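Here is a short briefing on one structure. Read it with the model in view.

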Amino acid sequence: MPTLILASASPARRQVLRSAGIDPVVRVSDVDEDAVAAALPAGTAPETVVTELARAKAVDVATSADLGEYRDDCVIVGCDSMLLIDGVLQGKPHTPEVARARWSEMAGRSADLITGHCVLRLRAGEIVGEAVDCSTTTVHFAKPEAEELEAYLATGEPLQVAGAFTLDGMGGWFVDRIEGDPSSVIGIGLPLLRRLLGDVGTGVAQLWSDPAR
């Protein structure tokens, strides 16, 4: 049975997998996301940007010495999420100032959360299969009151997440509704991941921590 390696430090992605029966081994990539995005040709489609970032993370972990004995038989999953609004991709804001400015743009509006996925199949240390794709979910944002937004920014939660919001955390108070896969908005889309795992010859039931689930 292969081991699923999650190439992400995101506790939200890990929790999505654990709730769905998979307890992944976490190995965090050392990819410079800004450098990867900057190296892409001008005018690269948003969907390609996020899938290339996801692939870069998965490949980085696949070639890392930290993978250890897992490289003998594993699947590595890399993900990247960005918010597309007014034709511009937005990643993590990192500072309260940037997050505040982004919320001034998206409050009361809708935007597309695009999550790129890359699955690599490793056997005996070699990549023997690769599948990449992305999922897009439309998010309809509420209009938080000024004091609500400031309180949200003060928690620090929106600073390190794509689009400056979460669906499964405090940011959920400010999302009116979504159109699409909620797990993808959290950072890893289960329906898409199941298909990509199948594309590299791995049934999702093989990876369940408890086969009786």
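**Salt bridges, strands and cores**

Arg14, Arg18 and Asp23 are linked in a network of salt bridges (a side-chain nitrogen of Lys or Arg within 4 Å of a carboxyl oxygen of Asp or Glu). The model is predicted, so local features need pLDDT of at least 70 and side-chain atom pairs count only at pLDDT 80 or more, while totals for chains, interfaces and linings use all residues. Residues are numbered from 1 along each chain as its sequence is written, and side-chain values use heavy atoms, with hydrogens and water left out.

**Salt bridges**

- The structure holds 11 salt bridges.
- Arg18 meets Asp23 at 3.2 Å, N to O. Arg18 is partly exposed at 38% relative accessibility, and Asp23 is partly exposed at 42% (buried is under 20% relative accessible area, exposed over 50%, partly exposed in between, with a 1.4 Å probe and protein chains only).
- Lys57 pairs with Glu33, with the closest N and O atoms 3.5 Å apart. This pair links distant parts of the chain: Lys57 lies in helix H3 and Glu33 in helix H2, 24 residues apart.
- Lys57 is buried, at 7% relative accessible area. Glu33 is partly exposed, at 30%.
- Arg177 and Glu179 form a salt bridge at 3.3 Å, N to O.

**Strands and helices**

- Helices (H or I, at least four residues) and strands (E, at least two) are DSSP runs, numbered from the N terminus.
- Strand E1 (residues 3–6) pairs with strand E3 (residues 73–85) in the parallel sense over 4 bridges (pairing needs at least two DSSP bridges). Ile5 stands opposite Ile76 in E3.
- E1 also runs parallel to strand E2 (residues 25–26), joined by 2 bridges. Leu6 has Val26 in E2 as its bridge partner.
- The buried residues of H3 include Val49, Leu53, Lys57 and Val61.

**Nonpolar cores**

- The largest nonpolar core has 18 residues; among those touching the most other members are Leu83, Trp103, Val139 and Phe165 (a core is a set of buried Ala, Val, Leu, Ile, Met, Phe, Trp, Tyr and Cys residues joined through side-chain atoms within 4.5 Å).
- Elements giving two or more residues to this core are E3, helix H4 (96–106), E5, E6 and helix H5 (146–155).
- A second, separate core of 17 residues includes Val75, Ile188, Leu193 and Val200.
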